[in-house]
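This report goes through a protein model from side-chain contacts to overall form. Please keep the sequence and the 3D view at hand while reading.

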Amino acid sequence: RGRQGRLCVKAIRAAIKVQAAFRGHVQRQSFLRSKRAAVLLEAVFRGYSERKAYGLARGRLIGLQAVWRGFSGRKAYLQTKAAAVSMQSHFRGRQGRLCVKAIRAAIKVQAAFRGHVQRQSFLRSKRAAVLLEAVFRGYSERKAYGLARGRLIGLQAVWRGFSGRKAYLQTKAAAVSMQSHFRGRQGRL
């Protein structure tokens, strides 16, 4: 029994060492797989983040280029327009100086009279239009305010009902859970 017992103990110890080595191997393999998966996931996420940042930067740069091109185009257009206006002004001034003094005086009188008549007509029309617009805006705003207020009150009532029901159901679920745990504990005792 002594020698056989020692052999049995040695065999058991050897089996334990083999099992421990195998378990260690399995755990290392599992850890390495998890580590590789985590590294791969991090790489994918970093790539996604970098692509997203690049897309945002590219979009901003394109927008900036468009703004600059628009600004440059407008500036060139305004310079060309100013030059054309200046040329036209000089030409028309020369033509105006060539006209007879009497014709200029007649034109000025006619223009002043027509301008006065038109301004009076325009001011009457403008006052009437402003008054009409003010009345209509007041009516529209009061009507829109009443509608919006009614809708808002209805929406608030719906939200309060929803919130109340949700809070009640959460409280009820918590109470049921606590009762269940308590009854389970009482049953185990």
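The model is a predicted one.

Two aromatic pairs are present in the structure. In one of them, the ring centres of Trp68 and Phe71 are 5.5 Å apart and the planes meet at 35 degrees, so this pair is tilted. Both residues belong to helix α1, which covers residues 2-98, and about one helical turn separates them because they are three residues apart. Phe71 has a relative accessible area of 41% and is partly exposed.

The rings of Trp159 and Phe162 form a tilted pair, with centres 5.5 Å apart and planes at 40 degrees.

Trp159 and Phe162 lie in helix α2, residues 101-188, and their spacing of three residues puts about one helical turn between them. Which class does Trp159 fall into, buried or exposed? With a relative accessibility of 54%, Trp159 is exposed. Phe162, at 40%, is partly exposed.

## Salt bridges

How many salt bridges does the count come to? The count comes to two.

One joins the side chains of Glu42 and Arg46, with an N to O distance of 3.6 Å. These two residues are both in helix α1, four residues apart, or about one turn of the helix. Glu42 is partly exposed, its relative accessible area being 43%.

Another salt bridge links the side chains of Glu133 and Arg137 at 3.5 Å, N to O. In helix α2 these residues are four apart, which means that about one helical turn lies between them. Glu133 is partly exposed at a relative accessible area of 41%, while Arg137 is exposed at 54%.

## Charge and surface

The protein carries 43 positive and 4 negative side chains. The centres of these two sets are 7 Å apart.

Its accessible surface is about 17800 Å². Carbon and sulfur atoms account for 65% of that surface. Of the 189 residues in the protein, 1% are buried. Buried here requires a relative accessible area under 20%.

## Overall form

What does the secondary structure of the protein come to? It consists of two helices and zero strands. The radius of gyration is 45 Å, whereas the globule rule gives 16 Å for 189 residues. The value for the protein is well over the one from the rule, so the protein is more spread out than a compact globule. Along the principal axes, the C-alpha trace spans about 150 × 50 × 10 Å.

Ala11 and Arg151 give a distance across this model: their C-alpha atoms are 84 Å apart in space, and the two residues are 140 apart in sequence. Ala11 sits in helix α1. Its relative accessible area is 46%, and Ala11 is therefore partly exposed.

Note on methods
Residues numbered from 1 in each chain as written. Predicted model: local features only at pLDDT ≥ 70, side-chain atom pairs only at ≥ 80, totals over all residues. Heavy atoms only, no water. Phe/Tyr/Trp six-rings, centres within 6.5 Å; stacked < 30°, edge-to-face > 60°. Buried < 20%, exposed > 50% of the residue type's maximum accessible area, 1.4 Å probe, protein only. Rg over C-alpha atoms; globule rule 2.2 N^0.38 Å. Areas by Shrake-Rupley, 256 points an atom, 1.4 Å probe, with all protein chains shown as cover. Lys, Arg positive; Asp, Glu negative; His and termini not counted. Charge placed at Lys NZ, Arg CZ, Asp CG, Glu CD. Salt bridge = Lys/Arg side-chain N within 4 Å of Asp/Glu carboxyl O.
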